[in-house]
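Please examine the sequence and the structure shown below. The paragraphs after them move from the whole chain to individual residues.

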Amino acid sequence: MTERPLRILLISARADVGGGPFHVDLLARYLPPNIERWIACPDEEPYASAWKREPAVRGIISIPRRRFSPGALFSLAKACRQWDIDIVHSHGKGAGIYSRLLKLLRPRLRVIHTVHGVHVGQYGPLTRAVYLMAERILRHLTTAFVHVSEGEKRQCLALGISSASTSHVVYNGLPPTQASGHVVFAEFVVGHRPVILTLARFEYQKNMPLAMEIATLAQRVHPDWLFVWAGDGPGQAELQRQVKERKLTNVRFLGFTDKTANLLQVADVFLSTSLWEGLPYALIEACAAGVPIVASHVTGNDEVVIPNRNGFLYFLDNPGQAVTMINTILGDLELKARLSRGGKDLFLELFTLDQSIDHTVAVYRAVARKD
């Protein structure tokens, strides 16, 4: 007798560009055929449309973007009953509220929650206390936690928002990528200037004001460097204003692009200034492309960047340290080549998509067997 396929509902309170939705997209497309999947997400681009077209996705239900709705919760409960869902796997804070409350409405559901980065530092004392209290209550409605890094797991355990006995670490993974076509880069490059690339959404977490400080310092001592910032977001206008105000000639805004593989081909160094991460896909992409990394010494980054193997880590309060590290890499071709090889090796060792999918499926199977 053929075993019935596992039926998974993936929940994300975002479907725009970002690490969380991208993670869900990889699961939607690459989970094995014997795991049937449905998705709950906001009706926004680019992923909602992509998932509606994805043959492996059995169905989609719309929920509000980053806002809890009792009506959406009851619609999800109805869908779980209709589709006979075995496991709900939520991604991010907003999705995690829905998944755990579904457990109250449908006790037979197994609930897996992935945090995708612990970020309470920007909260005020009251908001932080309320959030942690809610998460500690919801922890008891969670069958298992999937953390994307060991550091994230340690943070969650220290805050009491996950439990050691139900926590698993599954590193993010990427498929091998190849650049297609040629990126239009001539307008940004004068001669053969070293390119320091940052791929980020311009929001609080990514800490682009620090990138501005690094570029400002670099212009004084290394005016030939070119900082290329690929991305967009709510902080873009202010960044552009400051670049103009400071008369920086070493910064170029590329805007949002999906041609990241092309950009990585022309990058000499990848720069990250994040305040926190779960396990950043941008750094994994840089590893796979063999681009040496200079990244902030924060959770998540410190599991993708191994000092002297594929890059260096600097402290958030020391932009000058980042400039020195970039200069060390650019000034030593043998070191740069060694860091490039180290990144490619580290990618194959830890961050391939096959590994990530296999480990995720193993968690699904283990959770499905629980009473």
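The account that follows begins with the overall fold and then turns to particular rings, loops and backbone features.

The model is predicted. Its chain contains 14 helices and 13 strands. A compact globule of 371 residues would have a radius of gyration near 21 Å, and the chain, with 21 Å, agrees with that expectation. Along the principal axes, the C-alpha atoms occupy a box of roughly 65 × 50 × 35 Å. Of the 371 residues, 55% count as buried. Among contacts with a separation of 6 or more, 69% are between residues 24 or more positions apart.

The surface and the charges may be considered next. The chain has an accessible surface of about 16,600 Å², and carbon and sulfur atoms contribute 54% of that area. There are 42 positive and 34 negative side chains, with the centres of the two sets 6 Å apart.

The structure holds 10 aromatic pairs. Phe351 counts as buried because its relative accessibility is 0%.

A second pair is formed by Tyr204 and Trp276; the ring centres are 6.0 Å apart and the planes stand at 50 degrees, so this pair is tilted. Tyr204 lies in the loop between strand 8 and helix 7 (208-221), and Trp276 in the loop between strand 11 (269-272) and helix 10 (281-289), so the pair ties together parts 72 residues apart in sequence. Tyr204 is exposed, with a relative accessible area of 51%, whereas Trp276 counts as buried at 12%. Ring pairs also link Phe202, Trp229 and Phe253 into a cluster.

Helix 10 deserves a separate look. Its buried residues include Tyr281, Ala282, Leu283, Ile284, Ala286 and Cys287. Just after helix 10, Gly290 adopts a positive phi of about 75 degrees.

Asp224 is situated in the loop between helix 7 and strand 9 (226-230). With a relative accessibility of 40%, Asp224 counts as partly exposed. Leaving aside residues up to four places away in sequence, Asp224 touches Arg193 and Pro194. The C-alpha atoms of Asp224 and Val195 are 9.3 Å apart, although the two residues are separated by 29 residues along the chain.

Which backbone features remain to be noted? Most residues other than glycine have a negative phi, and most peptide bonds are trans. The peptide bond from Glu45 to Pro46 is cis, with omega near 5 degrees. Pro46 lies in the loop between strand 2 (35-41) and helix 2 (47-53). Arg66, which is not a glycine, has a positive phi of about 50 degrees. Arg66 occurs in the loop between strand 3 (57-62) and helix 3 (70-83), and its relative accessibility of 55% makes it exposed. Lys247, likewise not a glycine, has a positive phi of about 55 degrees. Lys247 is in the loop between helix 8 (236-245) and strand 10 (251-253), where it is exposed, with a relative accessible area of 66%.

Methods. Residues are numbered from 1 along each chain as its sequence is written. This is a predicted model: local features need pLDDT of at least 70, side-chain atom pairs count only at pLDDT 80 or more; totals for chains, interfaces and linings use all residues. Side-chain values use heavy atoms; hydrogens and water are left out. Helices (H or I, at least four residues) and strands (E, at least two) are DSSP runs, numbered from the N terminus. The radius of gyration is taken over C-alpha atoms; the globule rule is 2.2 Å times the number of residues to the power 0.38. Buried means under 20% relative accessible area, exposed over 50%, partly exposed in between (1.4 Å probe, protein chains only). Contact means heavy atoms within 4.5 Å. Accessible areas come from the Shrake-Rupley method with a 1.4 Å probe; for residues, only the protein chains shown count as cover. Lys and Arg count as positive and Asp and Glu as negative; His and the chain ends are not counted. The place of a charge is taken as NZ of Lys, CZ of Arg, CG of Asp or CD of Glu. Rings of Phe, Tyr and Trp (its six-membered ring) pair if their centres lie within 6.5 Å; planes under 30 degrees apart count as stacked, over 60 as edge-to-face and the rest as tilted.
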